[in-house]
Amino acid sequence: MGKKSIYVAYTGGTIGMQQTEQGYVPVAGFLTQCVENMPEFYHQEMPDFTINEYSPLIDSSNMMPSDWQMIADDIKANYDNYDGFVILHGTDTMAYTSSALSFMFEGLTKPVIVTGSQIPLAQLRSDGQANLLNALYIAANYPIPEVCLFFNNKLFRGNRTTKAHADGFDAFASPNFPVLLEAGIKIRQHIDSPIIETNVALQVTKIQPQPIGVVMLYPGISVELINNILLQPVKALIIRSFGVGNAPESPELLSLLKEANDRGIILVNLTQCFQGRVNMAGYATGNALAASGVISGGSLTIEAALAKLHILLSSDRSTDQIKQDFITNLCGEMD
């Protein structure tokens, strides 16, 4: 058999930046030049690959739902010509993009791996070389047919990830789902990937920017603050609650949430905790939220919850259908 061929979409991010007096900046063509000067990428055991640098390159802090759409459409346009896909992306919003793409692709039968680095590829001690080299190798030889995120020798399910370290190499974590694969001295795949055979072409769900509010509860939070958010033209509100989904036992707050629910605003309960899941049946305070129309975010990360709401709100689903689909596991994003 011939070599596998991997499509690399370089969207931007630290991995391809160049050092200047003003700090790291993206420079067109610089990443491709760096890779071409590194013989490891052309080792006989490596797959063939094509790098497409986006223009302009996108700092991941500026990433928008329209950019998720552009990336998804790019993968679809090249889908039949390659065996797998690697997306180079800035780390700040990498988990958001990975989550969004997992919901946008329907009928995915090839690996899509999102990666990047904390130090630019051209700099001494860069983690970019290992991340990109491993992502290419894994896409060719361990083709898990879903959107994944690779970082620091670990392959995660994309919609289970969150950025856990601002400036360490171990930047990402999957708090409620096991690592798919670890690239140590030996590559160990921990979760078997299903062999998908289908004649159905890859479909990309269209996404539109949606007005979604997020509020983190804290002791003494003003109900008026939450009310001010709900007075905005929001379609959904994510409530970062305490523990397993608890909130202050405030009749004023519960009444406010019930009124918002009656107006058709989707209210989602998501725990502030790094690990664990919402269980609103556990305590009276959680029960009261459920009675006001708040639905459980279960074990979703904040990134997956936001991406999922964007997808569902972009469709022509009714409010009741959106609620039902939100609490349903659509692509491995929740237990």
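Student: Before the cavity comes up, what counts as a cavity, and when does a residue line one?
Tutor: A cavity is a set of grid points where a 1.4 Å probe fits but cannot get out, and its lining residues have an atom within 4 Å of a point. The structure here is a predicted model.

Student: OK, how many cavities of 30 Å³ or more does a search of the whole structure find?
Tutor: The search finds 1 cavity of 30 Å³ or more, and the volume of the largest cavity is about 30 Å³.

Student: And which residues line the largest cavity?
Tutor: Its lining consists of Val215, Leu217, Ile226, Ile239, Ala247, Leu253 and Leu257.

Student: Switching to the sheet, in what order do the 4 strands come, and is the pairing parallel or antiparallel?
Tutor: The sheet is open, its strands follow the order β15-β16-β17-β18, and the pairing is parallel. At the edges stand β15, residues 212-216, and β18, residues 295-296; each has a single partner strand, so one side of each is left without a neighbour in the sheet.

Student: Over how many bridges do β15 and β16 pair?
Tutor: Strand β16 covers residues 236-241, and β15 pairs with β16 over 5 bridges in the parallel sense. As one example from this pairing, Gly213 has Leu237 in β16 as its bridge partner.

Student: New topic: where is Glu53, and is Glu53 buried or exposed?
Tutor: Glu53 belongs to strand β4, which spans residues 48-53. Its relative accessible area is 17%, and since buried means under 20%, Glu53 counts as buried.

Student: What does the side chain of that Glu53 reach, then?
Tutor: The Glu53 side chain reaches the backbone nitrogen of Gly29 at 2.7 Å, and it also makes a polar contact with the side chain of Thr32 at 2.8 Å. Leaving aside neighbours within four places in sequence, Glu53 is in contact with Tyr10 and with Val27, Ala28, Gly29, Phe30, Leu31 and Thr32. For Leu31, which is 22 residues apart from Glu53 along the chain, the C-alpha separation is 8.4 Å.

Student: And Ser117, where is its place?
Tutor: Ser117 sits in the loop between β7, residues 112-115, and α4, residues 128-141, and at 1% relative accessibility Ser117 is buried.

Student: Which backbone atoms lie 3.5 Å and 2.8 Å from a polar atom of the side chain of Ser117?
Tutor: The backbone nitrogen of Ile15 lies at 3.5 Å, while the backbone oxygen of Ile119 lies at 2.8 Å.

Student: Last one, Gly84: what is Gly84 in contact with, neighbours within four places in sequence left aside?
Tutor: Gly84 is in contact with Ser5, Ile6, Tyr7 and Pro111. The place of Gly84 is in strand β5, residues 84-88, and with a relative accessible area of 0% Gly84 is buried. Gly84 and Ile144 are 60 residues apart in sequence, and their C-alpha atoms are 9.5 Å apart in space.

Technical notes
Residues numbered from 1 in each chain as written. Predicted model: local features only at pLDDT ≥ 70, side-chain atom pairs only at ≥ 80, totals over all residues. Heavy atoms only, no water. Helix = DSSP H or I, 4+ residues; strand = E, 2+ residues; numbered from the N terminus. Buried < 20%, exposed > 50% of the residue type's maximum accessible area, 1.4 Å probe, protein only. Contact = heavy atoms within 4.5 Å. Polar contact = N/O pair within 3.5 Å; in protein donor to acceptor, adjacent residues only side chain to side chain. Pairing = 2+ DSSP bridges. 1 Å grid on protein atoms, 1.4 Å probe; cavity = no way out; pocket = protein on both sides within 12 Å on 5 of 7 lines; lining within 4 Å. Points joined across faces, edges and corners; volume = space filled by probe spheres on them.
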